[in-house]
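Me: Please take a close look at one helix in this model. I want to know how it sits against the rest of the chain.

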Amino acid sequence: MINSIFRFGLIFILLILSQVLLFSNIQFSGYINPYVYVMFILLLPIEIPSWLLLILSFALGLIMDFFSGSPGMHSSASLLAGFVRPYVLRLVSPRDGYEPNSEPSMITYGLRWFLVYTLLIVLVHHTALFYLEVFRFTDFFRTLLRVILSSFFTIVFIILIEFYRRGK
Amino acid sequence: MRSLLNFLARYNNLIIFLILEGIAVYLLATGNTYHNSRFVNGIRGVTRGIEEKINNTRTYLSLRDINDALAGQNVALKNKMETMVKKENPLFFSYTDTIYKQQYLHSSAEVINNAVNRQKNYFTIDKGSLQGIQVDMAVVSDNSVAGKIVGCSENYSVAMSLLNLDFKLSVRIKTNGTFGSLSWDGRNYRQAILGEIPQHIIVNVGDTIETTGYSAIFPEGIMVGTVSDFEKTGGDFYKISILLKTDFRKLHYVDIIGNMKKTEQLDLEKLFK
């Protein structure tokens, strides 16, 4: 228990730091802004109580807001991602259900499962985030393009990090 | 009572979600421009250390570029001084006279936090109200437009970058003086859009775009960029793309310009609105 709190605390800090120091500085042509920090919500244990999940994702978003000076934007997007996670997990559940005390990782459930799971949550998060950022529906399709391109890169980075974790 | 408890137990996730989302939306709704800058300033204490570290590293890595720019600026200033002293131009008098006719106050500052990859970009500078910075002062980088101050704390100020969907600037084409309105379309951090130029005006690629001074924020004649592309759309106006002179990814040192006669101009104009 204590061990896992410590571990997720470390993941939390590492993801925020890498987002602020690295991924927020990536920019190709203004369309691609990967937000890899959302991976924290993906990694939390499957049996985590949902109130804790909600509070953690809200805190995650709030800290990102502090760093990017955009009150409420990241908080509401990642809170939404945390809220839909149980439903996504139910939607993509493997035939024999989830193993007890497991984490939703690529190592346990395979690349294909992890990809679908990541895709759904990242899409929800990025859609909310980018439309909240622009806060208007003119240029609807351009924002949609930003959502799709940025989600693609976020997912690529998340999968790469997962492969690295598996390699260790 | 029991059914109420059942209801709460059943939907507790939804309730927590709605409460937290309410807080987030409240932050978002009150977080526009002015509040945003206050929020950012208030929270600076938390993130200042890390941001200053990042900024120090970045400044160090680009010292060579900054040196070159400063040397270039020095040469240009020396040349200017030379010609001015020799000509004894009476215009020079009115521009530098500190007692009678000075209109613009200059001050320099360092950018300590900057973003270019959002739709509404802001940057933070290391001077605030204690150093005389006020809201609605112009921010200029190497004699080209960078943004305007939207909020000040005691030692820091937040400026709305030109790369912000809400930023509008009155500019003109230097060769023929036609004025239009410059805005950013959120696509490319090197390009902005110039609108309201009628199609009978002759526009060439490479034409210089500069500020008009109508807004009482920016002085007249500060360069914005050059025309990189233009097309005739269906309406009466051109759609002109401007290559910005300021590279916002390399924004380090900026000048703040305050207009001492701004209130006078605005008060007078208010009478006729």
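Reply:
**Helix H1 of chain A**

Chain A averages a pLDDT of 87, where pLDDT is the predictor's confidence in each residue, from 0 to 100. At least 70 is the score of 97% of the residues. This is a predicted model: local features need pLDDT of at least 70, side-chain atom pairs count only at pLDDT 80 or more, and totals for chains, interfaces and linings use all residues. Residues are numbered from 1 along each chain as its sequence is written, while chains are lettered from A and ligands numbered from 1 in the order in which they are written.

Chain A has seven helices and zero strands. Helices (H or I, at least four residues) and strands (E, at least two) are DSSP runs, numbered from the N terminus.

Now the helix itself. H1(A) covers residues 2-21, 20 residues in total. From first C-alpha to last it reaches 28 Å, close to the 28 Å expected at 1.5 Å a residue. That expected span is 1.5 Å times one less than the number of residues.

Leu15(A), Gln19(A) and Val20(A) are the buried residues of H1(A). A residue is buried if 20 or more other C-beta atoms lie within 10 Å of its own, exposed if 12 or fewer, and partly exposed in between; C-beta atoms are placed from the backbone.

The buried residues of H1(A) pack against helix H2 (39-43) and helix H3 (50-68) of chain A. Contact means C-beta atoms, placed from the backbone, within 7 Å. On the other side of H1(A), exposed residues include Ile2(A), Phe6(A) and Leu10(A).

Terms used: Contact = placed C-beta atoms within 7 Å.
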